[in-house]
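Have the model open while you read.

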Amino acid sequence: MGAGLFRKAAELASENRAALLTELGSRFLTAGHPEEAVTAFEEAGLAKLAPEAISLYARALMGAGEFARAAS
């Protein structure tokens, strides 16, 4: 999937960091890797997630079995 490339791009293009890591989280979630998706969303910074990405983050938490965190 090129997760390392997404993270490197996020590091180099700090103005797009949240968007790039949100995309990575979305791709991890679609690929069936919710734990990695949670990590990517959290690396993006939860306060910087776009409103539509919050639901993806919640789905990733549920998929990772983090039910208490998803409910908060």
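This is a predicted model: local features need pLDDT of at least 70, side-chain atom pairs count only at pLDDT 80 or more; totals for chains, interfaces and linings use all residues.

A quick word on burial before we start: a residue is called buried under 20% relative accessible area, exposed over 50%, and partly exposed in between (1.4 Å probe, protein chains only). With that in hand, R27 is partly exposed, at a relative accessible area of 42%. Residues are numbered from 1 along each chain as its sequence is written, and side-chain values use heavy atoms, with hydrogens and water left out.

**Helix α4 and its surroundings**

- Helices here are DSSP runs (H or I, at least four residues), as strands are (E, at least two), and they are numbered from the N terminus.
- Helix α4 takes in residues 51–63, 13 residues in total, and reaches 19 Å from its first C-alpha to its last. That is close to the 18 Å expected at 1.5 Å a residue, where the expected span is 1.5 Å times one less than the number of residues.
- The buried residues in α4 are A53, Y57, A60 and L61. They sit on the same side of α4 because they cover an arc of only 100° around the axis, the arc being that of the directions from the helix axis to the C-beta atoms.
- Just after α4, G65 takes a positive phi of about 80°.

**S26 in helix α2**

- S26 belongs to helix α2 (residues 17–30).
- Its relative accessible area is 19%, so S26 counts as buried.
- What does S26 touch, leaving aside its neighbours within four places in sequence? S26 is in contact with F41 and L56, where contact means heavy atoms within 4.5 Å.

**Salt bridges**

- A salt bridge here is a side-chain nitrogen of Lys or Arg within 4 Å of a carboxyl oxygen of Asp or Glu, and the structure holds five of them.
- K8 pairs with E11, with the closest N and O atoms 3.6 Å apart. The two are three residues apart in helix α1 (residues 3–12), which means about one helical turn separates them. K8 is partly exposed at 42%, while E11 counts as exposed at 54%.
- In α2, R27 and E23 are four residues apart, again about one helical turn. Their side chains meet in a salt bridge at 2.8 Å, N to O, and E23 is partly exposed at 32%.
- As background, an α-helix has 3.6 residues a turn, so residues three or four places apart point the same way.
- The side chains of E42 and R69 also form a salt bridge, at 2.0 Å, N to O. E42 lies in helix α3 and R69 in helix α5, so this pair ties together parts that are 27 residues apart in sequence.
- Salt bridges that share partners join E42, E66 and R69 into one network. E42 is partly exposed at 32%, and R69 is partly exposed at 36%.

**The loop between α1 and α2**

- N16 sits in the loop between α1 and α2, partly exposed at 38%.
- N16 and A44 are 28 residues apart along the chain, and their C-alpha atoms are separated by 9.7 Å.
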